[in-house]
Structure formats: C-alpha cells, structure tokens
Amino acid sequence: MATMNLLEYLRSRTQVDIDTYDAEASKEIGPFQDATGNQFEIQAEIVKPNRSAVLKRALELATTIHPQFATITLEELAVEVVGIELALEVIQTVHGNVHVMVNPSYSYNTEAIVANAQRLHHICQIVDPDFDTSRLVTKVPATWEGMQASRQLKRNGIKTLATTVFSMEQAILAGEAGSQQFYHQNSLPTRVKACVTLNLDELIMLAGIDALTIAPKVLKVLTSTERPKEEMESMFLFAKTAKVTEIVKYASYIDCESQYRVHFAASEGGKAQFKTAQAISLFCDAQTAAELYITSQLEDSSYIPINL
C-alpha cells in the first residue's frame, strides 16, 4: 500500500501555517503560507540569549515612542514593539501574512482592542515604513467585545482573526456563520483556521479545513512520519469539495448582544464559556510574564531613546 509523508498529505488538502515567531524554525521546515504567534511566543523568544539584540532594539524604540502612547505603560508598549519586530522577522520566511495578538487583558473592552490593533499597525509602520501592512493580521479574542472590535477594524481596513473560539455561537459571531460548510454555502469571505495543539490523528482528520496552524515540534514529527494514503483519506472530516446536502441555519448575533450572551453561556453546558475564559487567562499570564521580564531588563540597563 502506497504511503505518504504526513506533512505533504496535509499540504495537499489544506493551507499549512506555522505557529511560531522563530524565523529559523520556519526556514528549516518551510515553506508556509502564514506565520502566527501570541503572547506565549513573545515570552518564549525574548528570554533567548540570541534575541538580546532584538530585545535591546525594541526597548530603545519603545522608550522613544512612549510619549505618543502615554495611556499605556512602557512595558506594555515594549511587548507590542517586540511582537512587531518578531513578526516582521518571521514574515520573511512565509508567502502570506503574519498574525499578532492584541493584549489579552483587553479581551472585554472593545475600544481598547480597536486602539491596540491600530497601535500595532502604527508601530509596524515605524519599524518598517516600507512594509505592506495588509499582510499584518490582528488576532482578537472571540468575546462579544472582541468581535465588535473586529467589526470596526474591518471597516478601517485592518484584517483580524478570531482566536479562542470554542463554540458555534462564537463562530457565528466571528463571521455571521456557523462552520466552514456554512461559510461556503452562503459565499461568505470568513475562513476557518484550526489553531490548537492536536495529535497526528486529529490533524489528519482536519485535512481539508481552510487552514491549520501547527507548532514547529509537531511539524517536525509530521515530516518524519509516513502512513498509507488510503488510511489517511478515510479519516478526514472535510472533503475538498463537499456536497451540500442540507442547508444549516443559525440565528444572527452580531446586532443582538443579549441573545448571544444567553446562548453562549448555555453552549455545551457552560463548557465553551469556561474554555474561552481559561484561554484568555492563560494568555494574560503570558502577557504579564513578558512585561515583568521587560521590567527587569529596563531596571538592569539604561535605554537611550533612538532618533527616528
């Protein structure tokens, strides 16, 4: 029975993206369409000895531009600058976009999320005035407030991706749709990207979804593993051109906050709401850890503002 490399198989059926801000890892396993990251990736990168130059440059720039963003702390601004620096580095290794997450502590504040996304774009233009910011995608938590922010950002030409999606209600709110099949049935531009840690069997089952974001260590396992193609094709859940046998209908939530909150709270017996809150809490922990590390670096060294 003919076998096939697992990564090659996934690439034949879905867009494979890399979940890292480590440009070297992306080069080693690539090519990929998009690269994505979050506060965990930022925290992991800034403590690496070989990232000292990037961190120093980011702290100097943050010190310089902080007066423009006086409503946030220098440490918070520095995390955002580091995130953009790392994003602009890793995007050199991919064909498409790079994703940067807003500060998760703003998950329930629409205005703060909008301002954060706009600030990330502004920082990006400062770091590299020639960069095409249409390739910068802002990751926004899939809370009611986050999706209202995404609505505003879309009007302003800023691309967003909903993260921490654990329920049908969130999926509907994120794109006024319910699932990948529902998007296609209604010719909506929203696309589905699975951005979670999965085992090999689960990844194969998702072959055919719009996109998969996979961590480097899992990608390396995929490249070194082969399975019978026939076996893998019997496992996947999303056909390339699935026939629509039944139109799936769901309520619209985008202009009905109370109905959304009631339905989301009841989703999966409350489990979806718990999972979302837990994921946001973990991202907040990573944000705090990154800010504390930057505080220690600011205390240990003197950063002189740079001339722009």
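Student: At what angle do helix α3 and helix α14 pack, and how far apart are their axes?

Tutor: In this predicted model, helix α3, which covers residues 39–46, packs against helix α14, residues 271–300, at an angle of about 30 degrees, and the two axes are 8 Å apart. Angles under 35 degrees count as roughly parallel, and that makes α3 roughly parallel to α14. The crossing of α3 and α14 is left-handed.

Student: Which residues of α3 and α14 meet?

Tutor: From α3 the residues are Q39, F40, Q43 and I46, and they meet L282, F283, A286, Q287, A289, A290, Y293 and I294 of α14. Divided by class, the residues of this contact of α3 with α14 comprise 9 nonpolar and 3 polar, with no charged residue.

Student: How should I read an aromatic pair, and how many does the structure hold?

Tutor: A pair of aromatic rings is described by two quantities, the distance of the centres and the angle of the planes. The structure holds 4 aromatic pairs. One of them joins F40 and F283, whose ring centres are 5.5 Å apart and whose planes stand at 55 degrees, so the pair is tilted. Since F40 lies in helix α3 and F283 in helix α14, this pair ties together parts that are 243 residues apart in sequence.

Student: Is F40 buried, partly exposed or exposed, and what of F283?

Tutor: The class follows from relative accessible area, where buried means under 20% and exposed over 50%. F40, at 38% relative accessibility, counts as partly exposed, whereas F283, at 11%, counts as buried.

Student: Which residues form an aromatic cluster?

Tutor: W144, Y253, Y260 and F264 form one aromatic cluster.

Student: Turning to another helix pair, how do α4 and α5 pack?

Tutor: Helix α4, residues 52–65, and helix α5, residues 74–90, pack at an angle of about 130 degrees, with their axes 8 Å apart. An angle over 145 degrees would count as roughly antiparallel and one from 65 to 115 as roughly perpendicular, with the rest oblique, and that makes α4 oblique to α5. The crossing of α4 and α5 is right-handed. On the α4 side the contact is made by V54, L55, R57, A58, L59, L61, A62, T63 and I65, and on the α5 side by L74, L77, A78, V81, V82, E85, L86 and E89. By class, the contact of α4 with α5 has 13 nonpolar residues, 1 polar residue and 3 charged ones.

Student: And at what angle do α1 and α11 pack?

Tutor: Helix α1, residues 6–13, and helix α11, residues 216–223, pack at an angle of about 105 degrees, and their axes are 6 Å apart. That makes α1 roughly perpendicular to α11. L6, L7 and L10 of α1 make the contact with L219, L222 and T223 of α11. The residues of the contact of α1 with α11 divide into 5 nonpolar and 1 polar, and no charged residue takes part.

Student: Which residues have a positive phi although they are not glycine?

Tutor: T164 is one of them, with a phi of about 60 degrees, and E268 is another, with a phi of about 55 degrees. The place of T164 is in the loop between β6 (159–163) and α8 (168–175), while E268 lies in the loop between α13 (257–266) and α14.

Student: Where is N38 found, and with which residues is N38 in contact?

Tutor: N38 is found in the loop between β3 and α3, and at 10% relative accessibility N38 counts as buried. Once neighbours within four places in sequence are left aside, N38 is in contact with Y21, M101, K139 and F283. Separation in sequence and separation in space are read side by side: N38 and G83 are 45 residues apart in sequence and 8.3 Å apart in space, C-alpha to C-alpha.

Key. Residues are numbered from 1 along each chain as its sequence is written. This is a predicted model: local features need pLDDT of at least 70, side-chain atom pairs count only at pLDDT 80 or more; totals for chains, interfaces and linings use all residues. Side-chain values use heavy atoms; hydrogens and water are left out. Axes are lines fitted to C-alpha atoms, for helices over the stretch in contact, and angles run from 0 to 180 degrees between N-to-C directions. Helices (H or I, at least four residues) and strands (E, at least two) are DSSP runs, numbered from the N terminus. A crossing is left-handed if the near helix is turned anticlockwise from the far one by less than a right angle, and right-handed if clockwise. Contact means heavy atoms within 4.5 Å. Ala, Val, Leu, Ile, Met, Phe, Trp, Tyr, Cys and Pro count as nonpolar, Asp, Glu, Lys and Arg as charged, and the others, Gly among them, as polar. Rings of Phe, Tyr and Trp (its six-membered ring) pair if their centres lie within 6.5 Å; planes under 30 degrees apart count as stacked, over 60 as edge-to-face and the rest as tilted. Buried means under 20% relative accessible area, exposed over 50%, partly exposed in between (1.4 Å probe, protein chains only).
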